[in-house]
Amino acid sequence: MYAIDYRDRGTPPSTSSTLVTVDIDGRSVTVPAGTSIMRAASLVDLDVPKLCATDSLEHFGSCRLCLVEVEGRRGYPASCTTPVADGMKVRTTSDKLMQLRRGMIELYVSDHPLDCVSCPSNGHCELQDMADQHGVTDTRYGLDGANHQHAEVDASNPYFRFDPSLCIVCSRCVRACDEVQGTFALTIQGRGFGSLVSASQNESFLASECVSCGQCVEACPTAALVEKSVIETGPAESAAITTCAYCGVGCSFKAEMRGEDVVRMVPNRDGHANHGHACVKGRFAFGYATHSERVLSPMVRDAITDPWRETSWEEAIGFAATRFRALQEKYGRDSIGGITSSRCTNEETFLVMKLVRAAFGTNNVDTCARVCHSPTGYGLKSTLGESAGTQAFDSVMKSDAIIVVGANPTEGHPVFASRMKQRLREGAKLIVIDPRTIALVRTPHIEADVHLQLRPGTNVAVVNALAHVVVTEGLAKDDYIAERCEVDSYRTWATFIADPKNSPEATEAITGVPASLVRKAARIFAEAGNGSIYYGLGVTEHSQGSTMVMGIANLAMATGNLGREGVGVNPLRGQNNVQGACDMGSFPHEFSGYRHVSDDAVRGVFESHWGVPLQSEPGLRIPNMFDAALEGSFMGLYVQGEDIAQSDPNTSHVVAALSAMECIVVQDLFLNETSKYAHVFLPGSSFLEKDGTFTNAERRISRVRKVMEPKAGLADWEVTVKLANALGYPMDYAHPSEIMDEIAALTPTFTGVTFDKIDRLGSIQWPCNAEAPEGTPTMHVGTFVRGKGKFLLTEYLPTTERTSSRFPLILTTGRILSQYNVGAQTRRTANVVWHSEDVLEIHPSDAEARGINSGDWVGVTSRVGGTLLHAVVTDRVQPGVVYTTFHFPESGANVVTTENSDWATNCPEYKVTAVQAVLVPKPEEWRKHHPMVLQVHDSALSGQGVGV
Ligand code: SF4
Ligand code: SF4
Ligand code: SF4
Ligand code: FES
């Protein structure tokens, strides 16, 4: 296993460019000015004793254990709070220092149980270490005086407990929650001996604002805050560095193992995406991997009304291969296809892509990015030349003004949100463009400078109005544009955007955003030194999703905000490997590296490598597959790690299409909505059970490392290999590193990528090739990938999805922190304590008009379907807008969403659905009168039961 040991240097590094040289215990060390004595000492392998200091937090200076002697100074300064000075001479050990430290440790120990052997942190406790180092085994003060040893334990959080009797009031937890997480949920209540850590105002952790990120647990030097999994499983025996399988932040973790059990997931302080931070999903919600509902045996059935029959891998794969070939014989080569998964590794995704193109012989391959970020690929490729975000996450720390548009980072990308909040607390300006009042608009110590609370579906009008102000008020960066962009395209665009119809005043009636706020936002962004834009699915999942991405790129180019740190256009990717799934050629028209299948030279390289002729025409996109199924020409589908029956819009249409197909092969961890229509079920493997790589939203390729054997015997990539071989197309790989070698050989942006190099560097941001052997943190430096940046016209066209007297409200959708996507993983963890069902947010005025109160059942209907949700009455949404999440199949948010989609990519318009919401006193009655697709899911497709 690849494991690491992290050396905590006590205080964060200084960023000063001035160097000073000091002498510590006779060792000379040169460090940036502002470095603490403690950190400088650590850099020459001298670890000064400490308890309240840790290098993820600013110094605090409370424990007085780190005292040192400084030549020419009186007293014993704390080395964590004292910066080095040029020529300084420091002693970290002496009899006097030992005596002082021993006295401090004795005081701590006097109010601390001395049963280290039975403590869950035995061997990992810094107080224990300090006591051992200083020979303190007992206390002269005895344990009879006042103490906290019977204080009540708070076990309310499902993942960790707080035991005040073990607390040394070092405040590391409080500072971790403030400085790193930015939630400010903890305080130290009381003074002196009576001081105690408290969540909010003496609430339990669960009842407080705590979002269960675990950073306080991470920071705690004792077992006062400790993971319940550590108490239950015992100490770790081994560890490996791997990558979170949830969101596109791609946090790095140390998976600590005891045999085949995960003891805990520790965020990797050397992780380039997360720097030791994590959220409740990656850190704690790993229990799904060993959940009893995992399907561990392949299953087949002749018809979807039959019960499943467990069988061997050989029979299941042979069954699938025979059926697929028979379908091709009967309906033609292009009657089958595959869907790759953004939850699987790059190597697995690449193999499914190869299976479809080379073994099936068609280009009918698509991916779930179709329904999320396909407009990002299209919009950024057309304007900048590359289908990816431009920055590393760390870049935000150099931003002066930040636009967050159509994204809710504190819920969807929490670790990045915490980093962004650090920068905002340092004073960067914030512009939020969102129909809802997301948490970033007002959160502890942060208030958005401007919130443009637009009507759903009017993004393009808003971005045009912002650009209008930039151009007409002379705020465009003319020199940058002249040097970096196609000047003709700029002139044409500037004329278009300067048209009064795009002014904030003219668009106000469309967007609902006061013109003065748009002007204020445009000036803030254009006049800041570094302006960055972060966006999410609230940009892409619209009928003008691609237009909006182009509008964002236009705005960034016009204000000179591309090609250096602190700026950029940054799509926040939803799933852990959605960037990778796109990079690996999962779209029907592109090979890996975004090269069109009609390019003879590119196709020729793949043909000679794979030894088969390949098709030059793009294949079917997911929605076209559904349409073709209903027409009777697309009859077989291999779906790896996707639940299209739940995640794709207009469920009744999807279900009808799936029901029409004659062979659906689902590969997943659990039976899901799609598997109700499947004929073969192949057990999937979790990220803990395989090797490979994920690519996060920063284009960062990180290793996934196997820490346990695949529960069903095969990793996902091995299953695809077997299926290809059963189809008569030979595949032979001994390890996923060989698949990456093939990806590198065939993909210009990956030519320098190997597993060995990732192991050496920790992670790599593509492009990684001869020009950038160690990767590319910032794109478009000096020149755009396409040469000159291209401005494209972005005419605002209203969506055809309009409100009417029948459907007077707009439904929009989003995510919540504790749940992930369709919820298949997080619903099977204790995360349900925070969110056990999807609810409908409705504004008080709309609720009142309908007699709806929080907690009531509400029937939500659109022109395609309907569903029932509990109401939450809140002014987070504006009048006329309702909002829900989509994490639970039974709430069926996509039963309601329509098949409207982006003009360029078919990405569904999830964010705008005209609906009606009514109070439903009797849910069962209401259901009877609303023949919804939900009932298709619920109904007696008896085959979902497992026949054994
Ligand atoms: S778990 Fe995170 S949010 Fe909760 S108190 Fe600890 S640091 Fe704060
Ligand atoms: S709970 Fe842990 S980190 Fe917090 S004050 Fe107590 S000992 Fe320090
Ligand atoms: S922020 Fe995303 S990648 Fe990081 S731990 Fe949370 S879910 Fe995982
Ligand atoms: S480590 Fe310096 S005062 Fe606690």
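This is a predicted model: local features need pLDDT of at least 70, side-chain atom pairs count only at pLDDT 80 or more; totals for chains, interfaces and linings use all residues.
How many salt bridges does the count come to? I started my notebook here, and the count comes to 47 salt bridges.

**Arg269 and its partners**

I looked up Arg269 next. Its side chain meets that of Asp55 in a salt bridge, at 2.7 Å from N to O. This pair links distant parts of the chain, 214 residues apart: Asp55 sits in the loop between α1 (37–43) and β3 (69–70), and Arg269 in the loop between β11 and α7. Asp55 and Arg269 are both buried.

Arg269 also forms a salt bridge with Asp8, with 3.6 Å between the closest N and O atoms.

**Another buried pair, and a network**

Further along, I found Lys690 in a salt bridge with Asp716, where the closest N and O atoms are 2.7 Å apart. Lys690 lies in the loop between β27 (680–683) and β28 (692–695), while Asp716 is in helix α25 (residues 716–726), 26 residues apart. Both of these residues are buried.

I also wrote down a network of salt bridges that links Glu218, Glu227, Lys254, Glu256, Arg264 and Arg283.

**Around the ligands**

What surrounds ligand 1? I listed Phe160, Cys177, Gln181, Leu186, Phe205, Cys210, Val211, Ser212, Cys213, Gly214, Gln215 and Cys216. Two or more residues of this shell come from each of α4 (172–181) and α5 (215–219). By class, I have eight nonpolar, four polar and no charged residues.

For ligand 3, the residues around it include Cys244, Cys247, Cys251 and Cys279, along with Lys281 and Pro414. The elements giving two or more residues to this shell are α7 (280–284) and α12 (414–425). The shell divides into nine nonpolar, two polar and one charged.

**The nonpolar cores**

The largest nonpolar core has 72 residues, and Phe205, Leu225, Ile402, Met420 and Leu430 have the most contacts inside it. Helix α12 gives the most to this core, with four residues. A second, separate core has 66 residues, among them Val300, Trp313, Phe606 and Cys663.

I took a second look at Met420. Neighbours within four places in sequence aside, Met420 is in contact with Val396, Ile402, Val404, Leu440 and Tyr534.

Definitions and conventions: Residues are numbered from 1 along each chain as its sequence is written. Chains are lettered from A and ligands numbered from 1 in the order in which they are written. Side-chain values use heavy atoms; hydrogens and water are left out. A residue is near a molecule or strand if one of its heavy atoms lies within 4 Å of it. Ala, Val, Leu, Ile, Met, Phe, Trp, Tyr, Cys and Pro count as nonpolar, Asp, Glu, Lys and Arg as charged, and the others, Gly among them, as polar. A nonpolar core is a set of buried Ala, Val, Leu, Ile, Met, Phe, Trp, Tyr and Cys residues joined through side-chain atoms within 4.5 Å. Buried means under 20% relative accessible area, exposed over 50%, partly exposed in between (1.4 Å probe, protein chains only). Contact means heavy atoms within 4.5 Å. A salt bridge is a side-chain nitrogen of Lys or Arg within 4 Å of a carboxyl oxygen of Asp or Glu.
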